[in-house]
Amino acid sequence: MSSHTVEPSLPPTSGNPESPLAGPPLERAARPPTSRFPRRLAELVDTHALTLLRVTVGIVFVGFGVLKLFPSASPAEQLAVDAATKMTLGLVPETVLLLSLAALETAIGIGLIAGRRLLRPALVAFFLHMGGVFSTLFLLPDAMWQPHSPAPTMEGQYVVKNVVLVAVCLVVAAHEWSREHRSRRPDGAG
């Protein structure tokens, strides 16, 4: 006994390479339907990635800075005041500290959003500010760490999550400071 199978025949492709039936049958079957939107969106994000990162961190900073202008509006207000009070040895009144932090964070945010000539000073201020933010992990250990555990408290998590903002600003800063180097290359490229 012999078995006989018949392969289905495909209609002609009329010589059109763009025809959905062009190409080997397996290749056609494996190709998912394509949409231009995801590809265009990916290209757009890729083209403007650094600007997107810079502006979103700037928006976060403006938002948190402005919150500190209104009494008790910021959930981090007391934590920031306590840490700043320790750093200034209690010599600066709490109201002045809070307004200074609000102004600093808002200015950093505006500098990041605006870019151009404000970007470098904003980045320097950002990294100095982050040094102060992370110092709370050591200045206020009872508020930052759970007792008898290396796990951070909710306030500690609020501070630790800033590593993401630091990473973003490191990428932005690396691009900004290497831009000057690229424009000075002797071969004229860049």
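**Exercise 1.** Determine at what angle the axes of helix 4 and helix 6 cross.

*Solution.* The axes of helix 4 (residues 77-87) and helix 6 (residues 119-139) come within 10 Å and cross at roughly 85 degrees. Helices here are DSSP runs of H or I with at least four residues, numbered from the N terminus. Axes are lines fitted to C-alpha atoms over the stretch in contact, with angles from 0 to 180 degrees between N-to-C directions. The two helices are therefore roughly perpendicular, a class that covers 65 to 115 degrees.

The model is predicted: local features need pLDDT of at least 70, side-chain atom pairs count only at pLDDT 80 or more, and totals for chains, interfaces and linings use all residues. Residues are numbered from 1 along each chain as its sequence is written, and side-chain values use heavy atoms, leaving out hydrogens and water.

**Exercise 2.** Identify the residues of helix 4 that meet helix 6.

*Solution.* From helix 4, A83, K86 and M87 meet G132, S135, T136 and L139 of helix 6; contact means heavy atoms within 4.5 Å. By class, this contact has three nonpolar, three polar and one charged residues.

**Exercise 3.** Decide whether E105 is buried or exposed, and name its polar partner.

*Solution.* E105 is located in helix 5 (residues 94-114). Its relative accessibility is 8%, so E105 is buried, the limit being under 20% relative accessible area with a 1.4 Å probe, protein chains only. The side chains of E105 and K68 form a polar contact of 2.9 Å. Beyond four places in sequence, E105 touches F61, V62, F64, G65, K68 and H129.

Conventions
Buried means under 20% relative accessible area, exposed over 50%, partly exposed in between (1.4 Å probe, protein chains only). A polar contact is a pair of N or O atoms within 3.5 Å; within protein, one must be able to donate a hydrogen and the other to accept it, and residues adjacent in sequence count only if both atoms are side-chain atoms. Angles under 35 degrees count as roughly parallel, over 145 as roughly antiparallel, 65 to 115 as roughly perpendicular and the rest as oblique. Ala, Val, Leu, Ile, Met, Phe, Trp, Tyr, Cys and Pro count as nonpolar, Asp, Glu, Lys and Arg as charged, and the others, Gly among them, as polar.
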